[in-house]
2 protein chains.
Amino acid sequence: MFGRSYFCGEVTEEAIGEKVTLKGWVQKRRDLGGLIFIDLRDRTGLVQIVFNPDVSPEALSLAEKVRTEYVLDVKGTVIARSEGSINENLKTGRIEVQAEELTIINEAKTTPFVIADKTDVSEDVRLKYRYLDLRRPVMFETFKMRHQVTKAIRDFLDGEGFLDVETPILTKSTPEGARDYLVPSRVHPGEFYALPQSPQIFKQLMMVGGFERYYQIARCFRDEDLRADRQPEFTQVDIETSFLSQEEIMGLTEKMMQKVMKDVKGMDVTVPFPRMSYEEAMGRFGSDKPDTRFGMELVDLSETVKDSGFKVFASAVANGGQVKAINVKGAAANYSRKDIDGLTEFVSVYGAKGLAWLKAEEDGLKGPISKFFGEEEQAALQAKLEVSAGDLLLFVADKKAVVADALGALRLKLGKELGLIDQSKFNFLWITDWPLLEFDEEADRYFAAHHPFTMPVRDDLPLLESDPASVKAQAYDLVLNGYELGGGSLRIFERDVQEKMFSVLGFTKEQAVEQFGFLLEAFEYGTPPHGGIALGLDRMVMLLAGRTNLRDTIAFPKTASASDLLTDAPGEVSGAQLDELHLALNLKKNQ
Amino acid sequence: MFGRSYFCGEVTEEAIGEKVTLKGWVQKRRDLGGLIFIDLRDRTGLVQIVFNPDVSPEALSLAEKVRTEYVLDVKGTVIARSEGSINENLKTGRIEVQAEELTIINEAKTTPFVIADKTDVSEDVRLKYRYLDLRRPVMFETFKMRHQVTKAIRDFLDGEGFLDVETPILTKSTPEGARDYLVPSRVHPGEFYALPQSPQIFKQLMMVGGFERYYQIARCFRDEDLRADRQPEFTQVDIETSFLSQEEIMGLTEKMMQKVMKDVKGMDVTVPFPRMSYEEAMGRFGSDKPDTRFGMELVDLSETVKDSGFKVFASAVANGGQVKAINVKGAAANYSRKDIDGLTEFVSVYGAKGLAWLKAEEDGLKGPISKFFGEEEQAALQAKLEVSAGDLLLFVADKKAVVADALGALRLKLGKELGLIDQSKFNFLWITDWPLLEFDEEADRYFAAHHPFTMPVRDDLPLLESDPASVKAQAYDLVLNGYELGGGSLRIFERDVQEKMFSVLGFTKEQAVEQFGFLLEAFEYGTPPHGGIALGLDRMVMLLAGRTNLRDTIAFPKTASASDLLTDAPGEVSGAQLDELHLALNLKKNQ
């Protein structure tokens, strides 16, 4: 314990009668009937200190100077609290410490916000004074959990023969993927390193190097415009193996997450995790990362309504689109026309031109479009959507992708709004059978759906040139409660396949060699089949800790404009520094 | 084991009779008497596969196509080797596997060097084909050891209540210390992040935040010209604690290293480690990181020779310098005049203007300068240097710092040359009582000997302004076998002391606030006393693995010009990338 007897939160009845030394921060001081009570806090919790003139008038007198967040060293005796002052909500609530000696180690100005779990101060203030924000118990508990999560992962992977190997942070810029952070070289004028978006290539090269089982809790970087759940630097659990099948890698990941859930949350999760093809996930949930903690699935009604008198539906189907609906059980009465207008606006963000609706009453489906459906169609709708009286049915008719996006998002919104989600559940789910490529209309070319090193399904290889869109990938995403926890794949390990892949992605032979020649060459020296997975650690901690803000899982995070409000980074540098890096500022062009 | 029965190196006699599946690389193929023998290798070792026409002519025929470094899948039966073909040097040397089925998983071109521990290929080729270099067993063993070292450290610190917390890589540039790597910001035109030289400030802020015990295996960056044992990015075991004394932090570090030595090397090291003040280390070994595995200490003869007829000695002392010598026991016969000329040249690099010498013979000290010393002086020299016949005495007379540097380096050189160093020893040593500041003649100001956050010895605080050079630091370096393994200190935790420190370092008040205002402010909100240590992980692994090249402990290291020969980083980037970063190249100025 090094110079103290207990941490504050761990002094219990067993210590009654002991002389103790405690150190910590003043949570609160109360003066009461000639006594002073101080709640002393450290990372383990609170303990009550009593200053009594009969015990030590010197300590009492010094205690009068003490303010909130002062750092104290207190020596005293642990005594039982009187019956009436026992606090059952506190682990240390049955005792208090009668102070015999007090040292003020350091003073504190009034903090800009109170150190307490509940706070209504703006996040910007919390970030500027992050060192105070981190004193809030809920923050410490999150980082303790983060430590436990990484420990569980490390212990598991160590037991399975994985080696923790560090890969470079100063690496090479690659044009594929997100935007790189660049680092100018002083020694090589005009040249730059890039911060890695992931250790992908290095981990593959380690497999070429016969390491067989590698992992790393790896820092990754993307210079992208930030959304709420993105950070310029983030951490992934990065795993790569040789000679394993997709099944084996998925099984290993399941066992790892099982251990994490057991060690960190004390929960037993069943393996194997449920699996769903990409196609099925998009069909049933309108999402490639479905939250399966509640139902309200998307139902395809295209067949039922394709000949309906409601032109919007019929023409959507006729034009190759879809008509799908969700059944919001028992919600008919909760949603007024105006509310539904709001939902219509919500889905329009996802490209949906409208949101049709029907309410189920005892005597049938009612609503502005009900007249377009005959008795038979109504019966079919009711059967397919498993309708009972009081249900609200919401329809989107559009291109397949729009229907999925709009209804998928609407389902999630309503699920949350109506409290349909059991927050105690942790629903893991594998999404498999991904397309290898995605066509980007704007760029007029294919992009890798995962990354350019993903192995196509063997039988689809001949289609890589003739019908790239139909090629499936040997890839798998792990989803938890509607969040993508991570993704993995088997990798291409043959030069000719990798070259074909680059060609489909629009690389010339020369470009492929210039960018990835070292990898292509490596594949010629006895490369084993290999594959792996990468899981987002920040997000994993966020979900396990029940937080909603990714920044709460990162000790010193950045804002949406990639600033550190605490240290005020980024900042200006001197002309001499720029000269050394062979750079000049070029501000006009972009302002 | 996922699709294979054993790793290659782990098939032993216990498996005789078993049908096994093995996967690995071809180390060697031999054709002998109609049979083919293949040594199959994976990261665990080798196993011999026999292809026999009587068992499987198909496998034999395919085996004829197999070349070195091909990747194979072999199915067969484990059999005992015949008495005459047992290889006791191999763990699997009492068995072989009779192949029944062979699959060539991947082919391999002829590798640019043989995959074997001993190699005489240049390091540049090894780095370019790092993935082949990593296949050499000695490389894998080093990274396995690195994994074990970090695991031992993590397990120990976890047990002591330390939390593994990640600190930012994109942070703020600070002018103090080494040169920063800079990262231009796209979002904030003209501004830059810096890669951290260490997590120093963040770990201190975590202490302000009440985390109390933090550690991180942290990547650090320095854009300095590289020596053999430096890399632009390196890894340190970064530890910080609150409320602990210097003694307690040193004790904790000792326990940690004790566990590392036990877990990784199976060695029991005694704690506490020996301690030596900076002053004593410089005096006895001419080094602040003495290798104590051998003697040949520096002996101060200034008093003895200050009135000697040898002017060089006498005037050195008269001018405030020193005369010191080392006694190279029994080496008189081994070093000719020409050899000693070589040593003179060696010490000149350290600023020594000469190297005086004497050889001890049965009838006294001989050599060009012996005539300057009378009988009494000779006797005193012999006594102080504990001279026996056959000893070689080497003297440097100069300023104190030059004497220390020159003789310290000479001692190490001779210790190695003469084989005086017991390579099986691991001599840990604490160096304490460091000066807080070093005066830099060129810059004409003081620099922090460790860093600007190091706590001065309390009693020396009044001297901070009056006599900065005499102020001692509450700092401690851990030395192992003549290498600085790491260093730590108690930190300043009071704003006024920190401000005084910045002032001594030549900061104006405004500069201090501009650069470190957030830290100064943090100190005002209840900062606990804190301190820590940082140990160089790369170097630790190098020493424990018995390697001499730091690059052999880093999977993908950089050359002395900070290049990655494998991926060819750094490299050029596009004009569009520069535009986005508001930068232009400025190549002329610096060429």
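**Rings and a helix**

Analyst: Start with a cluster: ring pairs link A:Phe310, A:Phe313, A:Phe372, A:Phe373 and A:Phe395. Rings of Phe, Tyr and Trp (its six-membered ring) pair if their centres lie within 6.5 Å; planes under 30 degrees apart are stacked, over 60 edge-to-face, the rest tilted. This is a predicted model, where local features need pLDDT of at least 70 and side-chain atom pairs 80 or more, while totals for chains, interfaces and linings use all residues. Residues count from 1 along each chain as written, chains are lettered from A and ligands numbered from 1 in written order, and side-chain values use heavy atoms, without hydrogens and water.

User: How many aromatic pairs over all chains?

Analyst: The whole structure has 44. One of them is A:Trp25 with B:Phe243, edge-to-face, 5.7 Å centre to centre and 65° between the planes. A:Trp25 lies in strand E1 of chain A and B:Phe243 in a loop of chain B, so this pair joins two chains. Strands (E, at least two residues) and helices (H or I, at least four) are DSSP runs, numbered from the N terminus.

User: Is A:Trp25 buried or exposed?

Analyst: A:Trp25 is buried, at 1% relative accessibility. Buried means under 20% relative accessible area, exposed over 50%, partly exposed in between (1.4 Å probe, protein chains only).

User: New topic. Which residues of helix H9 of chain B are buried?

Analyst: B:Phe313, B:Ala314, B:Ala316 and B:Val317.

User: What exposed residues does the face turned away carry?

Analyst: B:Lys311 and B:Ala318.
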